[in-house]
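Please read them alongside the coordinates.

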Amino acid sequence: MTLSTWRQRLDRVLGFDVAVSEELLKRLLVVLTVCWLLLGVILPLFPLILRSLSDQNGHWVGFANYWRYFNTPALSISFFNSLKVSLVTTLLAVTLAFGYAYALTRTQMPAKRLFLVAAMLPLYVPPLAHAIGLVYLFGRKGLITNGFGGWFEKTIGWQGWDIHLYGFNGILLGELLYVFPQAVMILLVAASLADARLYEASLSLQAPPWRTFLTVTLPSMKYGLASSIFVTFTLVLTDFGVPKVVGGNYNVMATDIYKQVIGQQNFEMGATVSVLLLLPTAIAFLIDRLIQRHQSATLTARAVPYQPKPHFWADRIAFGYCFVIILAVFSVIATVFLASVVELWPYKLNLTLKHFDFSRVGGGGYGAFWNSVRMSFYSAVFGTAITFLSAYVIEKLKPLKSLRNAAYFFSMIPVALPGMVIGLAYIFFFNPLEWKFGAFVLPNPFNFVYNTMAILVLANIVHFYTVSFMTATTALKQLDNEFELISESLGVPFYRTFWKVTVPLSLPAVLEMAMYYFVNAMVTVSAVIFLYSPRLKLASVAIVNMDDAGDTAAAAAMSVLVILTSVGVRLLYDLATNGIARRASSWRKR
Amino acid sequence: MPEPYLEIQSLTKKFDQTLALDEISLEIQEGEFVFLLGPSGCGKTTLLRIVAGLEAPTKGRILQKGREITHLSPAKRNIGIVFQSYALFPNLTVFQNIAYGLENRKIPRPQIQRRVDELLALVGLEGYQERYPAQLSGGQQQRVALARALAISPSLLLLDEPLSALDARVRANLRIEVARLQRQLGVTTLMVSHDQEEALTMADRVVVMEQGRIAQIGTPEEIYHYPATPFVADFVGLMNFIPAVIQAPELKRVRVDQTEFTLQQEIPYPAGHKVTLAIRPEKMVVVENGQPNENILRAQVQDVEFIGAFYRLHLYFGGERLIAYMPPHRQAKSIRAGSEIPLYLPPDHIRIYPSNPGALPTRP
């Protein structure tokens, strides 16, 4: 039988005749996408949940661990502490951020551009660094706590101000600094969706300003407000760095998981708290999705962008408000920078670089720093590739619709997964040499990644997957679906069009994704603290450990290195996008 | 008859429970320019997509020169497609866009260069090789899209409302050019449109579609002068509808109100049967000197519009709204709203349809 008759038979079996190979390749890609999401996201959750339902010998105990958690006040206190501090922080952060975004978009205050950049800068600061800055200002020997080293007492008779940093106050302040830029970012987008025609209509109907605010401004921002509330809440609830440094005896769930697993080797209780941490974030995520579903295009193509008019008092108040906030944010960051280059904060203020010599302290020093850079680089490269490909497969390929729908659903899950949960789940999934299901024993083919760079990179990719995935999907949706149809009719294989058209057109989004992966991998603690090995120490973990050991200045120095790296990458990104924009301008603009 | 180039046999397409195409059968000869014309939702685009291989039919077959292609991929059908959105690759130059389908076929570079030059000359865009799509006007972009589709020398050209996104003046120019190009290349072409003027001016044959079915197939003249149904009559051009009763079928006489009218067409209904008469606005003549005095309809003037080349009269007759045209040299000033005027209906231009008010198209 000749090859062509075989081909015809195969065609008949598949009910398709094309370039069978191309169709098969598409199907294979869909299957691979589902496989990696199953492996990276879905399957590792099962051993975690199972572990929370077992005792230390692996016997099924139902909800006994949960029962014990809520009946042991020393444990369950962290659940309520977490909720309390997250709710209070969310309320404060969103209120402050709303005012900030409002001032930026609805007033004519001076230096708007500067305030915009200044508010975004803390995105490149690890939450840990905020906490360390707070320690230097408000800690036991903090600058403000002791009244500038007694200088204030001598001059104006003011002893200092002890805000009792360690505990609720510290977490609140640290998290505020951490989540404020994120909330501003979301609210800015929402606030810029203003249709000037509605304001003019309201004005012409002689509505007082407060009524315009309630009937035009707020409704147009309600989806952004909801989003910022849920995002902030989730970030605070799942953050590990800030409570680790300034939490004191105020237990929260994220630090509890760490204590249970690292301190007491109680993996079952660690798993139990993880699942409990997962519940509120999952619920917050679901509510947000439900609310956002009702959002229709608030801004039609006909909308006229709102141009705020100058107003003497409003502009001055807005400027003062933003100035105070930025001053507070920058004092903390500046403190970290200063503390890293002086002999002994705040007593010996002579400049020195000795804290950047990490050889005398634990944590891993420059080795850890370069490991972090490498890990972030790999996360950026592989994360961007795998995320963009997944989004392309789900959005643009046609075969196996139900599998693609499943892959889309799986892609939404990581955003609800706290980093600690991913880390712990990966231990349970990748560490054992074999998986036991009752009497069945299955060898674990993925064990080899444990204790390697690969598992760290995978954890980072999954941890930051959903946001990147949405960036890619949004970019792909803007591309004409007919590009693929045209290519097909011209007999050009889809992968060629992917490479020659889809990728070049999505380049800005691709770079944005890469930067997002890099910066977040650089500063994250929660996803990697369970997964790094003694041979592969990391900068962010080193900050935690050095702070733990009392080497706060070295921790500050490492924070500075991390911040400078992230900001440096961001500047490179700007340079690169400017270059691309120049090159692309030939076909973007007329 | 030679073997048709394309044979569509009892094609049916269901989306979930809705029937998009219902037993469509159609033959297209080699080199023909055929239009699929109809309102949105009539199934014309679905039919084009199935012919292109972008969609699979629920039932039925498609033959290309006797070879079944129903389940072939688009790449194997030797087709070129142009979409309403142009779908030019914005990051590629005009040259790269046109060469896109050629570069994959291991054609030597100089030959590609020659072919692209040839196509650019064909669509009148010499010297535009290095431009990007965003640097071209809508009409120019659509020409590039056409050149790209023609580059691989398809034996069938599929055009999905290619002119709809253009403004009226450009559209009118491109209409002539596309038709000229099609004749020049002799490429069999199937074009989807909802614009009856486009169809009448460009097509060799028009397929009028209504709710997933073919309402009529014919040359533009046949479709315009002898519309098979009131739907076709109203969709292609304007048509006045007047209710009537058969008076004497053997004498070809009908009655409208109390007035008798004579037709040229045979009347296939018995006396007393209710029917609908149809006549194009431009065929009704405003009578001035009492001549002729037969086939006269007295209608009430509602409005007189000055269009420039002619006057458009909005008339009332019974419950029906009618439209008639009048050359500008007539004393339109003497015709006032509310006055009654006599209209002559030439027997050879009156069509007759079964009276079924539900089937009659409604005019806004």
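1. A salt bridge here is a side-chain nitrogen of Lys or Arg within 4 Å of a carboxyl oxygen of Asp or Glu. Over all chains, the structure holds 22 salt bridges. The model is predicted: local features need pLDDT of at least 70, side-chain atom pairs count only at pLDDT 80 or more, and totals for chains, interfaces and linings use all residues. Residues are numbered from 1 along each chain as its sequence is written, chains are lettered from A and ligands numbered from 1 in the order in which they are written, and side-chain values use heavy atoms, with hydrogens and water left out.

2. One salt bridge in chain A pairs Lys244(A) with Asp548(A), with 3.0 Å between the closest N and O atoms. This pair links distant parts of the chain, since Lys244(A) belongs to helix H12 and Asp548(A) to helix H24 (residues 539-548), 304 residues apart. Helices (H or I, at least four residues) and strands (E, at least two) are DSSP runs, numbered from the N terminus. Asp548(A) is partly exposed, its relative accessible area being 48%; the classes are buried under 20%, exposed over 50% and partly exposed in between (1.4 Å probe, protein chains only).

3. Arg570(A) and Asp574(A) form a salt bridge with an N to O distance of 3.1 Å. Both lie in helix H25 (residues 552-588) of chain A, four residues apart, or about one turn of the helix. An α-helix has 3.6 residues a turn, so residues three or four places apart point the same way. Arg570(A) is partly exposed at 25% relative accessible area, and Asp574(A) is partly exposed at 27%.

4. Helix H13 of chain A (residues 253-263) is largely enclosed by the rest of the structure, because eight of its 11 residues are buried. Among them are Met253(A), Ile257(A), Tyr258(A) and Val261(A). The cover over these buried residues includes helices H5 (73-106), H11 (209-238) and H14 (267-293) of chain A, a contact being heavy atoms within 4.5 Å. Just after H13(A), Gln265(A) has a positive phi of about 55 degrees.

5. In helix H6 (residues 112-120) of chain A, the buried residues are Phe115(A), Ala118(A), Ala119(A) and Met120(A). They pack against H5, helix H9 (168-191) and helix H15 (312-341) of chain A.

6. Where does Val361(A) sit? Its place is the loop between strand E2 (348-351) and helix H16 (365-396) of chain A. At 17% relative accessibility Val361(A) is buried. Leaving out residues up to four places away in sequence, Val361(A) touches Met546(A), Asp551(A) and Ala554(A). Its C-alpha atom is 9.6 Å from that of Ala555(A), 194 residues apart along the chain.

7. Chain B has eight helices and 20 strands. Its C-alpha trace spans about 80 × 45 × 40 Å along the principal axes, and 51% of its 364 residues are buried. Within chain B, Glu68(B) forms a salt bridge with Arg61(B) at 3.2 Å between the closest N and O atoms.

8. At the interface, 26 residues of chain A contact 30 residues of chain B. The two chains bury about 2,600 Å² between them, 60% of it on carbon and sulfur atoms; buried area is the accessible area (1.4 Å probe) that two parts lose on being put together, summed over both. There is one salt bridge between chain A and chain B. Arg496(A) and Glu103(B) meet in a salt bridge at 3.4 Å, N to O.
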